[in-house]
Amino acid sequence: MPSSNQARSPIPKAYAATLLLGVAMSPFIINLQGSLSSFYPSSSFFLRRSLSFNDIENYSTLQDVNDIDKSIERKAKAKASDNKCNNMFLFLPDPQHFSSHGHGSQINTYIMSVLVGTYLNRNVLLVEPPNQVSQFAGGSQFGCPVDAFEEIHMTSPSDPSSSSTAASDSWQIKPDFPGGFSRLIDHQTWLSGGCPIPCADTFSYNDWARMSVKDTAMSAPITCRESDGRAVNVLVTAGGPLRQYFRRKTKESHFISSERWATKLGATVAEAKIFSSMSSTNTFALFDYAVGLMVKAGFLRLQPWIARDVEMFIKSFDLFQKVGTKNPVYDAIHVRRGDKLIMEAKQEVVKYWAAHGHSDMNNLPTNYVPFAHYLSQFRKQECPMNDLGEVTETIKRVVYVATDDPIVVKEEIANLPNRIDERTVFWDDCHELSFYFNPTDESAFHLNGDGETGFSDGTEDNCFKRYHRNIASVADMVILAKSRTFIGEFNSNWGRLIRTMRVRLDPYSIQYDFLNRDIEKNIVGDVLPLPEQPKFTKTLDMRVAWGPTTARLPGT
């Protein structure tokens, strides 16, 4: 049964040179930041933009920044006060090995924590392990950007290219630099309320970690007292108890929509009223609406150093040299193979081949679904045709392929019929498809190495290499989420996450419904008819290549 080996073409010289330039200029950047800090707050957009020498705003999220209502975060910062920090939901991303999962799994669990914490009407905080407690060199599973280190290392650093972990371990991380999951995600004030970790004088990270993994974590809040005597009610959980709670509640349809929950997610009055009227039995519609609110509020925001390096990396791609970086139009395909096919998706692969006449599961043509099957989602019917059914105008598509199996996928493309050139094929008498790939030279496609459990050959790792894999993966994620058409599947965490990030509120339906409510309230009769099941959200074009066609709940 054919399978695959994994490798990639050399890393772009422009990107490598820029990385080296960034390290070389670090002392200048750090000194510049110190000089400017007296004029501009260190968190200001001006300073972030000045120090990056680029506009990183468009690379700070997995969505179009124009879809974000920035007033939600702005108002939350203005209203933040310790007096509003009495009901807290603490989520610990690290315990129970969740920090060893891939990007998709970790972000999906974070999404679940946001949904549950806001449902319970609590301020949602992330609690990360201190650097000295972290199981990862550099204090985070997402590696080490140059920004993380004390200035002393910028004058005579250890060799970051060393294969030994000793090099990265000897670099001293700034004590206040975000670690853990927060090295990747900039948790928003409208979720946290601007609240600090509660009861820091009496509860350590180890105390919270111990409580977060208990079976009773989600049902046994505690009350602690701040140094000023103020009582704080705290619910603390890690990923395991959180998932159990979420799945049990959704299975029993016990999540009840309310205006309070919607408001906690940044809803307007009209949006909150619609949400409160949604049935708890229509779980998918309810959570799509909740996710639509989260996306509108810009809940998933990358840290500035992640956005900066993702921007730098993406702009080195030949894809964006083709389509440009201003309002680029392209399509994207996610092909997840590797270890995901060994366990979770194996039965779906068997079903695919059985439907194509191969009943012996021990003797299948391949242990994966062929790339050509993904391309079948580009249909002939999309092209203009005459009365005879002949295509009168072809569609040219620039297609980005994100995969952990690039060598085999490229071989499959090379064997497709109707090739126009080395990267372009004519598909189904309609589509002219030009394929582009991530150009990094990494042979490991998982955050942890060449698989979820690390490097199979025992290769030593360090936080610099981990950060490079992190940036390469996040770049793929950004490109997939912002594509015009996304082709993937729901067997992988990535496919489910990308679908979540493509959910949008439908303003027309919301305004139409609110208008009807107003008419009904003030003018008896003469109410405009609404569909029997109005749909207040929409999903940007996503096509499921194989496996289950029904989306799973966000975070699962």
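**Disulfides and their surroundings**

Author: The link of Cys144 and Cys463 is left-handed, with -115° about the S-S bond. This comes from a predicted model, and in it the pair links distant parts of the chain, with Cys144 in the loop between β2 (123-126) and α6 (165-169) and Cys463 in helix α18, 319 residues apart.

Reader: What makes Cys144 and Cys463 a disulfide?

Author: The sulfur atoms of Cys144 and Cys463 are 2.2 Å apart, and a pair of cysteine sulfur atoms within 2.5 Å is what the rule requires, so the pair counts as a disulfide. Both Cys144 and Cys463 are also buried.

Reader: How many disulfides does this rule give, and what pattern do they follow?

Author: The count comes to 4 disulfides, and with bonded cysteines counted along the chain the pattern is 1-3, 2-8, 4-5, 6-7.

Reader: How do you know that Cys85 and Cys195 form a disulfide, and where do the two residues lie?

Author: Their sulfur atoms are 2.0 Å apart, which is within the 2.5 Å cut-off, and therefore Cys85 and Cys195 qualify. The link has -90° about the S-S bond and is left-handed; Cys85 sits in the loop between α4 (71-79) and β1 (87-92), whereas Cys195 sits in the loop between α7 and α8, 110 residues apart.

Reader: Why are Cys85 and Cys195 called buried?

Author: Buried means under 20% relative accessible area. Cys85 has 3%, so Cys85 is buried, and Cys195, at 9%, therefore counts as buried too.

Reader: Which handedness does the link of Cys199 and Cys224 have?

Author: With 85° about the S-S bond, the link of Cys199 and Cys224 is right-handed. The S to S distance of this disulfide is 1.9 Å, and the pair joins the loop between α7 and α8, where Cys199 lies, to strand β3 (residues 222-225), which holds Cys224, 25 residues apart. Cys224 has a relative accessibility of 4% and so counts as buried.

Reader: Is Ser253 buried or partly exposed, and what is its phi?

Author: Ser253, in the loop between α9 (239-251) and α10 (259-264), has a positive phi of about 55° although it is not a glycine.

Reader: Why is α13 called roughly perpendicular to α18?

Author: Helix α13 (residues 304-314) and helix α18 (residues 463-481) pack at an angle of about 75°, with their axes 9 Å apart. Angles of 65 to 115 degrees count as roughly perpendicular, so α13 is roughly perpendicular to α18. The residues of this contact divide into 12 nonpolar, 1 polar and 1 charged, and among them are Trp305 and Phe313 in α13 and Tyr467 and Val478 in α18.

Reader: What makes α19 a mostly covered helix?

Author: In helix α19 (residues 493-501), 9 of its 9 residues are buried, including Trp494, Arg496 and Arg499. Over the chain of 556 residues, 52% count as buried.

Conventions: Residues are numbered from 1 along each chain as its sequence is written. This is a predicted model: local features need pLDDT of at least 70, side-chain atom pairs count only at pLDDT 80 or more; totals for chains, interfaces and linings use all residues. Side-chain values use heavy atoms; hydrogens and water are left out. Buried means under 20% relative accessible area, exposed over 50%, partly exposed in between (1.4 Å probe, protein chains only). Helices (H or I, at least four residues) and strands (E, at least two) are DSSP runs, numbered from the N terminus. Axes are lines fitted to C-alpha atoms, for helices over the stretch in contact, and angles run from 0 to 180 degrees between N-to-C directions. Angles under 35 degrees count as roughly parallel, over 145 as roughly antiparallel, 65 to 115 as roughly perpendicular and the rest as oblique. Contact means heavy atoms within 4.5 Å. Ala, Val, Leu, Ile, Met, Phe, Trp, Tyr, Cys and Pro count as nonpolar, Asp, Glu, Lys and Arg as charged, and the others, Gly among them, as polar.
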